Amino acid sequence: MSGPRAMNKPIRITQRASAHEDGYDRVLTFLRDELVSGRLKTGDRLLPERDLAAALGVSRPVIREALTALSTLGAVEIRRGYGTVVREPNFTALADYFSLVLAQQAGAVDDVMQARIAIERQAIRLACTRALAPDLDRLSQALRAIKETIDDPAQGGAADFHFHSMIVEAAHSPALSSVYAAVAKLLQASHLERRKVIASVPQVDAYLIDHHEKVMLAIQRRNPAEADALLTEHFEIGANLREDAAAAAAKQAGPKRSTHRA
């Protein structure tokens with residue numbers, strides 16, 4: 001049996017950050033530059049807090065604050081009795097952060113929806129050339145889930161979102177997947193809300209099943225232009241269905257009775 005894996009040697013600081021930055025920014029700038037340059041990699045252990053503080057000219061509490069923030073984001077892991085280790089980037093850790101920040105902004109859901117459209121349109125073009133057999137299988141399974149949950153807005157909304165997530169994954173673009181994952185919670189919430197809104201619109205089943213299938217088949221045919229056009233149409237149809245649902249709800253509610261007496 002092999003022994004325990006040897007500890008990585010602490011990273012040595014090769015350059016100092018700009019003197020005009022405050023302490024917190026100086027620490028983040030240093031770590032960012034080390035990661036971008038490749039001098040710092042996943043699994044590497046940082047210098048102890050005392051050495052980092054001395055090298056960067058900041059106090060140990062500032063070092064601790066910066067490392068704690070990075071740990072919360074999933075960029076590093078603080079191991080008691082060992083030190084701080086660089087972790088593999090995982091943008092899903094940012095999902096809660098983005099949800100909190102964007103949710104407080106007016107029109108955030110609509111704005112995120114536009115970002116989603118941009119991401120998915122590029123992703124589907126890439127998927128047409130990069131998708132592997134397992135990716136196509138996952139898309140088929142996702143479409144099957146949409147069909148099986150067509151009468152359940154909650155499960156159906158989740159299945160619908162999963163289908164679109166599989167398109168992004170099939171693009172095999174870490175950057176697109178990471179950004180998509182970072183706003184995933186907001187996207188899921190808006191997806192479910194939209195699904196509930198259009199649930200009672202006539203012909204919605206055909207849109208949810210048939211159009212998703214057309215999108216999938218375009219990817220299988222490796223036709224980027226067709227897939228992009230279908231996906232664009234898919235979002236436009238969804239917007240029209242939501243408008244129809246809103247108009248139907250307003251009509252059903254009827255004009256409000258006035259309580260004013262002459």
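Me: Is Asp 135 buried or exposed, and what is its relative accessible area?
Reply: Happy to start there, keeping in mind that this is a predicted model. Buried means under 20% relative accessible area. Asp 135 falls under that cut-off, so it counts as buried, with a relative accessible area of 4%.

Me: Which residue forms a salt bridge with Asp 135?
Reply: Side chains of opposite charge can pair when their charged atoms come close. Here the closest N and O atoms are 2.8 Å apart, and a salt bridge asks for a distance within 4 Å. The partner of Asp 135 is Arg 138.

Me: Where do Arg 138 and Asp 135 lie?
Reply: The two residues are three apart, about one turn of the helix. Arg 138 is partly exposed at 37% relative accessibility, whereas Asp 135 is buried at 4%. Both of them sit in helix H6.

Me: How are H6 and H10 oriented to each other, roughly parallel or roughly antiparallel?
Reply: Two packed helices are described by the angle between their axes and the distance between the axes. For H6 (residues 133-148) and H10 (residues 204-220), the axes are 10 Å apart and the angle is about 175 degrees. Angles over 145 degrees count as roughly antiparallel. The two helices are therefore roughly antiparallel.

Me: In the salt bridge of Arg 39 and Glu 34, which residue counts as buried?
Reply: The side chains of this pair meet at 3.0 Å, N to O. Arg 39 has a relative accessible area of 35%, so it is partly exposed.

Me: What is the relative accessibility of Glu 77, which meets Arg 79 in a salt bridge?
Reply: The side chains of Arg 79 and Glu 77 meet at 3.5 Å, N to O. Arg 79 is partly exposed, with a relative accessible area of 36%. Glu 77 also counts as partly exposed, at 32%.

Me: How many salt bridges does the structure hold?
Reply: Besides the pairs above, Glu 49, Arg 60 and Arg 64 are linked in a network of salt bridges. For the structure, the number of salt bridges is ten.

Definitions and conventions. Residues numbered from 1 in each chain as written. Predicted model: local features only at pLDDT ≥ 70, side-chain atom pairs only at ≥ 80, totals over all residues. Heavy atoms only, no water. Axes fitted to C-alpha atoms, helices over the stretch in contact; angles between N-to-C directions. Helix = DSSP H or I, 4+ residues; strand = E, 2+ residues; numbered from the N terminus. Parallel < 35°, antiparallel > 145°, perpendicular 65-115°, else oblique. Buried < 20%, exposed > 50% of the residue type's maximum accessible area, 1.4 Å probe, protein only.
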